[in-house]
Amino acid sequence: NKIAAGEVIEKCVSIVKELVENSIDAKSSNIRVDLINSGVTEIKVTDDGVGMDHDDAVLAFQRHATSKLKSEDDLFKISSLGFRGEALPSIASVSEVSLKTSTGDKGTYILIKGGKIITNESCEARCGTEIIVRKLFYNTPARSKFLKSDTTEGNYVSTLMEQLALSHPEISFKYIQNKQVKLHTSGNYNIKDVIYNIYGRDITKALLEVSYENDFMKIEGFVGKPEISRGNRTFENYYINGRFVK
């Protein structure tokens, strides 16, 4: 699991990506991400999705057991964002993870340190899931040396949250870093509102809508007028089936 963690978790943003994608797949309407020291000290992801029952909550931390693919055919029509069975056990092997989840009935609380389950009990919990990751790389200090400064790590997460918000205007995202709100979208399905939220009024005003469809594909989005053109690709965002691509 620690070796797998090296492949899955490069930095704090890797963990946020895996956890938030799970929240999106859980049909959440509201997703909140709280970071302390850009995630090195603590990453907390809270959602109001479908949640897990006790058996699934325990199973989620077993290696290879969490794939969301049911059959070989699913490889040709991947509709979920997170479909690997590596992320949660890998994260749990190099940190301290607590999970509180419920499907609406009784909740489950699990605490894992360095890959070992310390607590596994019933609890009161609202429908949805809350995962807290603390002390990242505490048991693999050589890995922690490769983390960048808090500012840089925080910027990686900010970029990720912006990308996710742009690709999912139907979800309200709230991103808080050291108790400061960095991003908050309404989840009202209006992509232009999200663009306004991230890039501001001037850029939003200078956009032209793009829409085209044929038997093979459908393209939707916005392009900028010449007055807001840039010399680099910083503001370019492309998504295929809701997944950010370069």
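User: Which strands make up the open sheet, and in what order do they lie?

Analyst: The general idea is that strands of a sheet pair through backbone hydrogen bonds, either parallel or antiparallel. In this predicted model, an open sheet of eight strands runs in the order β5-β4-β3-β6-β2-β1-β7-β8, and its pairing is mixed. The edge strands are β5 (116-123) and β8 (180-184), each of which pairs on one side only. From one strand to the next, the twist averages 10°.

User: How many bridges join strand β1 to strand β2?

Analyst: Six bridges join β1 (residues 30-36) to β2 (residues 42-47), and these two strands run antiparallel. As an example that you can find in the structure, Asp 34 has Lys 44 in β2 as its bridge partner.

User: Which strands does each of the helices α2 and α6 lie across?

Analyst: Helix α2 lies across β1, β2, β6 (128-134) and β7 (172-177), running at about 10° to β2, while α6 lies across β1, β7 and β8, running at about 170° to β7.

User: Which residues have the most contacts inside the largest nonpolar core?

Analyst: In soluble globular proteins, nonpolar side chains tend to be buried together. Here the largest nonpolar core has 49 residues, and those with the most contacts inside it are Val 16, Val 20, Met 161 and Phe 173. Helix α2 (residues 12-25) gives the most to this core, with seven residues. Leaving aside neighbours within four places in sequence, Phe 173 is in contact with residues including Val 20, Ile 24, Met 161 and Leu 164. Met 161 and Leu 164 are also among the buried residues of α6.

User: How many salt bridges are there, and where does Arg 134 form one?

Analyst: Side chains of opposite charge can pair when their charged atoms come close. The count comes to eight salt bridges, and in one of them the side chains of Arg 134 and Glu 42 meet at 3.0 Å, N to O. This pair links distant parts of the chain, since Arg 134 is in strand β6 and Glu 42 in strand β2, 92 residues apart.

User: Is Glu 42 buried or exposed?

Analyst: Glu 42 counts as buried because its relative accessible area is 16%, and buried means under 20%.

Key: Residues numbered from 1 in each chain as written. Predicted model: local features only at pLDDT ≥ 70, side-chain atom pairs only at ≥ 80, totals over all residues. Heavy atoms only, no water. Buried < 20%, exposed > 50% of the residue type's maximum accessible area, 1.4 Å probe, protein only. Helix = DSSP H or I, 4+ residues; strand = E, 2+ residues; numbered from the N terminus. Core = buried A, V, L, I, M, F, W, Y, C linked by side-chain atoms within 4.5 Å. Contact = heavy atoms within 4.5 Å. Pairing = 2+ DSSP bridges. Axes fitted to C-alpha atoms, helices over the stretch in contact; angles between N-to-C directions. Salt bridge = Lys/Arg side-chain N within 4 Å of Asp/Glu carboxyl O.
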